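I opened a notebook page for this structure. The entries follow the order in which I looked things up.

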Amino acid sequence: MLIGISIRGDHLDAPVDLRLGRAQMFLLVDSDTEQFKTLDPGAGQIQHGAGIQTAQMLLKAGVKAVISGDCGPKAFQVFQAAQVPLYSVTGGTAREALAAWRRQELPVIGQPGGMGHA
Amino acid sequence: MNPAPAHQAARPATGHPPWIAIASGKGGTGKTSVAVSLALAAVQAGKRVQLIDADVEGPNAHHFLDLGASAETTIRSMLPVIAPETCTGCGACVEFCTFHALAAAGNKVIVFPDLCHACEGCREVCPVGAITDGAQEIGVIRHWQRGPLSVCQGALQIGQVLSPALIRALHRRGRGEAEDSAGRPPDVDLTIVDAPPGTACAMMAAIRGADHLLLVTEPTPFGRHDLDLAMQAAATLRLPVEVIINRSNDHDRVIEDLCRARAVPIVARLPESRQVAEAYAEGRPMGSLGPPWATTFTNLVTHLEGLWA
């Protein structure tokens, strides 16, 4: 299954970007093969609705789970409607996050954090 | 980009009394003080005046006037409602929405009301007619009638972003074009619109359709800079412009140079004074201070009358 991880960099040993809506980059990892590709959300420049855009892009890419630090209210709503679970980490690399997810140690984000932007 | 000089001011179209907008570009130059003082001077001159406070994110003209209780109307704006059984999830509406107020989640479409600008474009582009009009409350219009003075203000609901839509509703009411009960056109000789600061969408919505624009500025580099922007904004709407210098002092030159370059007349100067600040703090407009302020506004009313005589 395809997992989206927000990162700062472009490989599995890059640190997780704790912001979802304005993440620098996403790693799309196939959890069966550990093969990955990158997805540039290009959302850093968007004034409004960056989280919504990013969420839609990840869904379009076919992710079935997302690992990030936090999730704003609007992106959260999009993932919830698509029934894609969000997992939270507080730091570390994408590889570490993936390993923790496999061990089922990552908490599910059950409610949006942050303020988002009105 | 030069605004049309004021002497080209056309007589307003038959049947509608002069509609004057007061704006500034820079905030805090004294738009509201000027608007209220001008309205009161026009009342003194025997006119029936409508004062529209279009600074919907912070209407405050009423603080300078002893108005009593207001009547209030809720203003609503279009919000897309999507019929899930009709929607095919094609994403045409999501693609169309510049403001990302619509999002595709799988084959569902979600609406984010606080991002919607009520342009109705999504409804137009939906190929299967799955989008209908809902309504969201964007704010209220309050109005007061006190003798010959009619005051109305728009107050945007907190968290709302649709200032222009609320301002358009204020204008419709002011022109007697609104359908609801608040839309009864007050019988007036003159309308004065107090615009919001800046030169963005809300300010443009407030000055649009005016017969004449008065720009209030102050003799500072910031005042000059934002006055220049406001003049350019007015030029895109082809509005005749005149300038009022508030807090006039021995730095007026900075404004005079710009006005000369743009061929825009300076029609009034209000001297910088502690007296004005003290009156402001007590909720009294500067026009109530006697000469030279009171006389400046009396003269301004005469000047405006002359434009359409």
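How many residues of chain B are in contact with chain A? I found 13 residues of chain B in contact with 13 residues of chain A, contact meaning heavy atoms within 4.5 Å.

I noted that this is a predicted model, in which local features need pLDDT of at least 70 and side-chain atom pairs count only at pLDDT 80 or more, while totals for chains, interfaces and linings use all residues. Residues are numbered from 1 along each chain as its sequence is written, and side-chain values use heavy atoms, leaving out hydrogens and water.

Next I looked up the area. The two chains, B and A, bury about 1,100 Å² between them, 65% of it on carbon and sulfur atoms; buried area is the accessible area (1.4 Å probe) lost on putting two parts together, summed over both. His100(B), Phe112(B) and Leu115(B) supply 43% of what chain B buries against chain A, more than any other three residues.

I then checked for salt bridges (a side-chain nitrogen of Lys or Arg within 4 Å of a carboxyl oxygen of Asp or Glu). The rule finds 1 across the interface of chain B and chain A. Lys74(A) forms a salt bridge with Asp114(B), with the closest N and O atoms 3.2 Å apart.

Last, I turned to a sheet in chain B. This open sheet has 9 strands in the order S3-S6-S7-S2-S8-S1-S9-S10-S11, with mixed pairing; strands are DSSP runs (E, at least two residues), and two of them pair if DSSP finds at least two bridges between them. S3 (71-82) and S11 (266-271) of chain B stand at the edges with a single partner strand each, so one side of each is left without a neighbour in the sheet.

Key. Chains lettered and ligands numbered in written order. Helix = DSSP H or I, 4+ residues; strand = E, 2+ residues; numbered from the N terminus.
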